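Reader: Please show me the model. I have some questions about how its terms are applied.

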Amino acid sequence: MKVVLEGGIYDLDLAGRILVTDRSDLVDLSVMSRDFRLRFILRDSIAEPAQAHVRLSANLANLAAEILEQKGSDPGCNLSIRFRTRIVNPDQECHVLGEGIRQIWGKGITMTQQISYLFGDESPQYLNNIQISFDHVITETHIDDIPSLLNHIVKTLRFLDHTALS
């Protein structure tokens, strides 16, 4: 999954549609887990672009099922996607952003919005962390869904760039 997802993201980068701004691939030996993250923006973004953070994580049970090729197991990982964008009026914009994102992604996702700001700012801009999680483990049977997933992420970034701070 990681190789296909990473390849799809870097293909979008090479095509000039997105710009990868950060990457990490970590193995935590204390709990035997793996965590892969990529962060990117649209290349034609506005001055303060929305960011996408894609994360694949696998715990000990997932890693063991994959490495040991256990019969009857379907090794997989957890996929989460986070978007970060700046907003001015959370009471109005969070509702609009939430509805727009649900239209892009449809059912089968869990979405949360967490707002933060720098205390003491005279006219604060709020940072909206929008988390999208899936209600199932991602397995190799979902590989064919990756192009559609990446398309949804790009659509969401475009929507956020054109809607936030309006």
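Reader: What makes Asp 25 and Lys 2 a salt bridge?

Author: A salt bridge is a side-chain nitrogen of Lys or Arg within 4 Å of a carboxyl oxygen of Asp or Glu. The N to O distance for Asp 25 and Lys 2 is 3.3 Å, so the pair meets that definition. Asp 25 lies in strand S1 (residues 18-28) and Lys 2 in helix H1, so the pair ties together parts 23 residues apart in sequence. Helices (H or I, at least four residues) and strands (E, at least two) are DSSP runs, numbered from the N terminus.

Reader: What is the model's origin, and how are residues numbered?

Author: The model is predicted: local features need pLDDT of at least 70, side-chain atom pairs count only at pLDDT 80 or more, and totals for chains, interfaces and linings use all residues. Residues are numbered from 1 along each chain as its sequence is written, and side-chain values use heavy atoms, without hydrogens and water.

Reader: Why is Glu 6 called buried?

Author: Buried means under 20% relative accessible area, exposed over 50%, partly exposed in between (1.4 Å probe, protein chains only). Glu 6 has 14%, so the term buried applies. Asp 25, at 28%, counts as partly exposed.

Reader: Which residue forms a salt bridge with Glu 6?

Author: Lys 2 does, with the closest N and O atoms 3.2 Å apart. Lys 2 and Glu 6 are four residues apart in helix H1 (residues 2-14), so about one helical turn separates them.

Reader: Which residues are linked with these in a network?

Author: Salt bridges link Lys 2, Glu 6, Arg 23, Asp 25 and Arg 34 in a network. The structure holds ten salt bridges.
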